[in-house]
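Please look at the sequence and the structure first, then read on by topic.

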Amino acid sequence: MNNTQESISGLIKRLDLDTAGNNSEMICDAVKKTLVEEVGREGFVLPEEFTRPGEQDYARRLLHKSANYCIVVMVWGVEQGTPIHDHDGSWCVECVSHGTIRVRSFDLVGNPEDEVVGFRQTDEICASRGMAGSLIPPFDYHMIDNPTEQISVTIHVYAEEMQGCHVFRKTGADDYQREWKTLSYTDDVVTG
Ligand SMILES: [Fe+2]
């Protein structure tokens with residue numbers, strides 16, 4: 001086994017155990033610990049084809065999928081990022097594997113069912129390799145961007161493969177319009 005295969009199989013072996021229960025909070029704590037230890041470890045390396053930036057937008061590729069979770073790798077070019085979004089009810093743990101990423105977290109202001117809502121920023125962090133954060137609905141509104149001049153890579157573990165999520169576009173000083181965004185993968189690099 002080469003370094004890449006060892007890195008991925010070691011990660012999957014641990015995540016299989018971490019996600020066996022059904023308490024989201026406990027799963028997220030275990031997944032977070034695994035990501036910090038495995039991804040932060042010297043020698044951890046992702047397959048090269050998963051670390052290429054996308055041309056138009058950040059790249060998004062499925063690394064692994066099982067009954068209890070899936071792993072998506074994202075590559076963030078300079079100034080690439082997301083609007084405020086949720087994860088459509090799925091828990092998620094995100095970890096930086098290369099470079100630096102900025103994560104801003106928000107509380108929704110108003111009725112979550114409304115088409116136009118407000119947000120109050122609650123946190124902002126710049127995370128580097130081996131740093132991870134978990135998001136459990138309903139406290140999962142956030143946006144991610146790459147504030148540096150280099151490419152950044154993040155690993156996201158979700159409860160299930162997301163078909164889409166809600167994004168919130170700024171339409172006024174305090175107003176954000178809810179939209180449904182269908183999610184797809186950047187190219188056909190798909191494993192099992
Ligand atoms: Fe996210």
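**Val-157 and the cores**

Leaving aside residues up to four places away in sequence, Val-157 touches Leu-15, Val-31, Leu-35, Tyr-69, Ile-71, Cys-92 and Val-93; two residues are in contact if their C-beta atoms, placed from the backbone, lie within 7 Å. The model is a predicted one, in which local features need pLDDT of at least 70 and side-chain atom pairs count only at pLDDT 80 or more, while totals for chains, interfaces and linings use all residues. Residue numbers start from 1 along each chain as its sequence is written.

- The largest nonpolar core has 36 residues, and Val-31, Leu-35, Val-73, Met-74, Val-93, Cys-95 and Val-157 touch the most other members.
- A nonpolar core is a set of buried Ala, Val, Leu, Ile, Met, Phe, Trp, Tyr and Cys residues joined through C-beta atoms within 7 Å.
- A residue is buried if 20 or more other C-beta atoms lie within 10 Å of its own, exposed if 12 or fewer, and partly exposed in between, with C-beta atoms placed from the backbone.
- Another core lies apart from it and has 8 residues, including Phe-106, Leu-108, Val-117 and Tyr-141.

**Overall make-up**

- The protein has 2 helices and 11 strands; helices (H or I, at least four residues) and strands (E, at least two) are DSSP runs, numbered from the N terminus.
- The order of elements from the N terminus is α-α-β-β-β-β-β-β-β-β-β-β-β.
- The radius of gyration is 16 Å, close to the 16 Å that the globule rule gives for 192 residues, so the protein is as compact as a globular protein of that length.
- That radius is taken over C-alpha atoms, and the globule rule is 2.2 Å times the number of residues to the power 0.38.
- Along the principal axes, the C-alpha atoms fill a box of roughly 55 × 40 × 30 Å.
- Of the 192 residues, 33% count as buried.
- Of the contacts between residues at least 6 apart in sequence, 71% join residues at least 24 apart.

- An open sheet is formed by 5 strands in the order 1-2-9-4-7, with antiparallel pairing; two strands pair if DSSP finds at least two bridges between them.
- Strand 1 (59–65) and strand 7 (132–135) are the edge strands, each pairing on one side only.
- From one strand to the next, the twist averages 20°; axes are lines fitted to C-alpha atoms, for helices over the stretch in contact, and angles run from 0 to 180 degrees between N-to-C directions.
- Helix 2 (residues 24–39) packs on the sheet and touches strand 4 (92–98), strand 7 and strand 9, and its direction makes about 5° with that of strand 4.
- Strand 1 and strand 2 run antiparallel and are joined by 6 bridges, with a hairpin of 4 residues between them.
- Arg-60 has Met-74 in strand 2 as its bridge partner.
- Strand 2 (residues 70–76) also pairs with strand 9 (residues 152–158), antiparallel over 7 bridges, where Val-72 has His-156 as its bridge partner.

**Tyr-176**

- Tyr-176 lies in strand 11 (residues 176–182).
- Tyr-176 counts as buried because 23 C-beta neighbours lie inside 10 Å.
- Among the residues that Tyr-176 touches, not counting those up to four places away in sequence, are Ile-84, Val-117, Phe-119 and Phe-168.
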